[in-house]
Amino acid sequence: DMRFILLLWIVPVCAADAQLEALLATLSTVRAVPEAARGPRGTAPALTKAKHQLRDWVESRLIGFRWGEDETAFAHQLNAELKGTGLLEKTEPGYIAEIRLQRQGGFLLLQTGMAIDGCGFDDSVYLLRTTSEGWRRVWQNEQNNYTEKEYRPQSLHSVQISPWNKENDYFVMTLGTFSWCSSAWHPVYFRVYRLGPDPEAVPLIEGSETSFL
């Protein structure tokens with residue numbers, strides 16, 4: 001029945017529209033926080049909520065994405081929708097970077113970014129894997145502690161996953177730099193994680209070095 005098929009298409013789209021509206025509302029609250037009340041780099045607690053809303057919106061749209069399809073074209077389609085909301089227009093708190101999708105081995109890598117003060121972005125990354133029940137998030141890396149001492153926003157330059165193995169045992173390594181444009185010297189962060197039952201597991205190894213970029 002064509003009406004049933006059309007309904008299956010309309011329901012996810014309407015839900016996605018509602019999620020974008022919620023993201024817009026959250027980011028508007030970030031922009032409304034007085035400068036004196038903001039955390040480092042213009043952050044606010046609502047930024048974590050916005051990160052999760054953006055992540056969840058992309059994941060909801062993956063219902064219509066199949067393994068083997070062009071993830072770059074799909075990301076372009078999603079970014080066109082985000083651009084239509086005006087969220088991609090500025091690099092200041094309350095706006096976002098274009099999303100990126102990339103296949104690595106048997107995983108789909110999703111990278112997002114929230115604009116912060118200092119002409120930079122606070123990047124987050126998520127790994128998803130397709131199952132018989134659809135896409136499932138198996139790991140994520142976010143910077144959600146907005147204190148002067150602990151907040152280390154980064155521009156992610158590389159996320160590498162160890163090769164396939166029959167034990168299904170994987171490691172993830174991230175390489176990023178401190179997001180800032182007032183200096184050519186930046187901290188470089190490296191972290192190694194082991195994939196397991198906890199998508200928010202702490203890194204096995206982490207460190208930083210200062211480099212001229």
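Me: Which residues make the nonpolar surface patch of about 430 Å²?

Reply: In this predicted model, the patch is made by F171, L175, F190, L204 and I205. One of these residues, F171, lies in strand β6, which spans residues 171-178.

Me: Is F171 buried, partly exposed or exposed?

Reply: The relative accessibility decides the class: buried is under 20%, exposed is over 50%, and partly exposed lies in between. F171 has a value of 33%, so F171 counts as partly exposed.

Me: Which residues touch the most other members in the largest nonpolar core?

Reply: A nonpolar core is a set of buried residues joined through side-chain atoms within 4.5 Å. Here the largest such core holds 28 residues, and L54, L82 and I96 touch the most other members. Two or more residues come from each of α1 (2-32), α2 (46-61), α3 (71-84), β2 (107-116) and β3 (120-131). The most is given by α2, with 5 residues.

Me: Which residues does L54 contact, leaving aside its neighbours within four places in sequence?

Reply: With those neighbours set aside, the contacts of L54 are L23, L82, I96, I99, T112 and M114.

Me: Where in the chain do W139 and Y193 lie, and are they buried or exposed?

Reply: W139 belongs to strand β4 (residues 134-141) and Y193 to strand β7 (residues 185-194). The pair links distant parts of the chain, as the two residues are 54 residues apart. Both W139 and Y193 are buried.

Me: Which residues do ring pairs link into a cluster?

Reply: The cluster consists of F65, W67, F74 and W135, linked by ring pairs.

Me: Where is E69 found, and why does E69 count as partly exposed?

Reply: E69 sits in the loop between α2 and α3. Its relative accessibility is 35%, and therefore E69 counts as partly exposed. Leaving aside neighbours within four places in sequence, E69 is in contact with G64 and R103.

Conventions:
Residues are numbered from 1 along each chain as its sequence is written. This is a predicted model: local features need pLDDT of at least 70, side-chain atom pairs count only at pLDDT 80 or more; totals for chains, interfaces and linings use all residues. Side-chain values use heavy atoms; hydrogens and water are left out. Buried means under 20% relative accessible area, exposed over 50%, partly exposed in between (1.4 Å probe, protein chains only). Helices (H or I, at least four residues) and strands (E, at least two) are DSSP runs, numbered from the N terminus. Contact means heavy atoms within 4.5 Å. Patches are made of residues with over 30% relative accessible area and no salt bridge: like charges are joined within 9 Å, nonpolar side chains (Val, Leu, Ile, Met, Phe, Trp, Tyr) within 5 Å. Accessible areas come from the Shrake-Rupley method with a 1.4 Å probe; for residues, only the protein chains shown count as cover. A salt bridge is a side-chain nitrogen of Lys or Arg within 4 Å of a carboxyl oxygen of Asp or Glu. Rings of Phe, Tyr and Trp (its six-membered ring) pair if their centres lie within 6.5 Å; planes under 30 degrees apart count as stacked, over 60 as edge-to-face and the rest as tilted.
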